[in-house]
Amino acid sequence: MIQPPGAPFPPHPTSARRWGARWIDWLVPWLVTSPLWFLTAEKIQTEATKHGFTLAGKGIFKSVFGDWGALGDAASDEAGELWSDIVFYIALTLAVQVLLIMAYEVLLTRLWGRTLGKAAFALTVRGADGGRLSFGRICARTAITVLVPGLGWVLLIAAVLNLSVLLMLAGVALLIFSAVECSVLRMSPAGKTSWHDRRTGSVVVPKTWTEQLRQAREFQQRALDSGVARARQAWQAPQVQQLSQQAQTTFQQVRERGRQAIRRDDGPS
């Protein structure tokens, strides 16, 4: 809850803990989604093969008609188109990874109140009023903390590959904005907040390891209770009960036939 004026500030995490948690939340999903680059490499190889066949066809056509001087221009055009395709697929893959990191952060924050990085540093995200963040505020917070710097890196890498000054300036601007808004912390009755915290009404607060362990056990118990309830509900379904009754009847019939066979074998020979 928000403290009254004059009350001491609550415990707040250091900037190092928040940055450490943020790096984990970038690296873990980035590594998990890294197999996307195998698909990207396969697509680039396909495009290279297609451009190679196109260039070969142009070369044969121009050589037949004796237009040898245009071969160099054709090769240059195909190489330029291929490089444009490579830059596009690299930027697209990076953008998809950024979106997946956003989904990871939104999902864990909504379900658990923290990400893996924040859990590693015993941090949790909550509303400035002490309650849980709504789905909309989580999405807004994640857009500022993940989408803005992620888009900055995508633009910067695309600019380097494509030698584009405008893309480079846009990427650098987004990265500078993201670094500044995260670094400018301000004390408030709810704790130490960044600009994105103040914009979305959120706050990051530290958790003791005892409290974190207790919450983990409560989450595990809720998951277990939910699983047991669903299993019981599934077992009590009419279709399952009918199959169970049929299985019992079949078992009784097989056992009775076995007994009759034993009696015949034990009879007088």
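User: In which loop does Ala-122 lie?

Analyst: Helices here are DSSP runs of H or I with at least four residues, strands are E runs with at least two, and numbering starts at the N terminus. On that basis, Ala-122 sits in the loop between α4 (116-120) and β1 (123-127).

User: What is left out of the side-chain values?

Analyst: This is a predicted model, where local features need pLDDT of at least 70, side-chain atom pairs count only at pLDDT 80 or more, and totals for chains, interfaces and linings use all residues. Residues are numbered from 1 along each chain as its sequence is written, and side-chain values use heavy atoms, leaving out hydrogens and water.

User: Is Ala-122 buried or exposed?

Analyst: The backbone stands out first: Ala-122 is not a glycine, yet its phi is positive, about 55°. Most residues other than glycine have a negative phi. For accessibility, buried means under 20% relative accessible area, exposed over 50%, and partly exposed in between (1.4 Å probe, protein chains only). At a relative accessible area of 1%, Ala-122 is therefore buried.

User: And Leu-163: buried or exposed?

Analyst: Leu-163 also is not a glycine and has a positive phi of about 55°. Its place is the loop between α5 and α6 (165-183). With a relative accessible area of 76%, Leu-163 is exposed.

User: In what order do the elements of the protein run?

Analyst: The protein has nine helices and four strands. From the N terminus on, they run α-α-α-α-β-α-α-β-β-α-β-α-α.

User: What share of the contacts with a separation of 6 or more joins residues 24 or more positions apart?

Analyst: Contact means heavy atoms within 4.5 Å. Of the contacts in the protein with a separation of 6 or more, those between residues 24 or more positions apart make up 68%.

User: How far apart are the end C-alpha atoms of helix α1?

Analyst: The expected span of a helix is 1.5 Å times one less than its number of residues. Helix α1 (residues 15-32) has 18 residues, so it should span 26 Å. The model agrees, with the end C-alpha atoms separated by 26 Å.

User: What separates the C-alpha atoms of Pro-29 and Tyr-104?

Analyst: Pro-29 is found in helix α1 and is buried, with a relative accessible area of 7%. Beyond its neighbours within four places in sequence, Pro-29 contacts Ile-24, Ile-101 and Tyr-104. Pro-29 and Tyr-104 are 75 residues apart along the chain, but their C-alpha atoms are separated by 7.4 Å.

User: What is the volume of the largest cavity?

Analyst: On a 1 Å grid over the protein atoms alone, a cavity is a set of points where a 1.4 Å probe fits but cannot get out; lining residues have an atom within 4 Å of a point. Points are joined across faces, edges and corners, and a volume is the space filled by probe spheres set on them. The count comes to two cavities of 30 Å³ or more. The largest has a volume of about 160 Å³.

User: Which element supplies the largest share of the lining of the largest cavity?

Analyst: The lining has 13 residues, with Arg-18, Trp-19, Arg-22, Cys-182 and His-196 nearest the cavity centre. Both α1 and α5 (135-162) supply at least two lining residues. The largest share, four residues, comes from α1.

User: Which element gives the largest share of the lining of the second largest cavity?

Analyst: This cavity has a volume of about 40 Å³. Its lining is made up of Glu-105, Thr-109, Val-125, Leu-133, Ile-138, Arg-141 and Thr-142. The elements giving two or more of these residues are α3 (70-112) and α5. The largest share, three residues, comes from α5.

Definitions and conventions
On a 1 Å grid over the protein atoms alone, a cavity is a set of points where a 1.4 Å probe fits but cannot get out, and a pocket is an open set with protein on both sides within 12 Å along at least five of seven lines; lining residues have an atom within 4 Å of a point.
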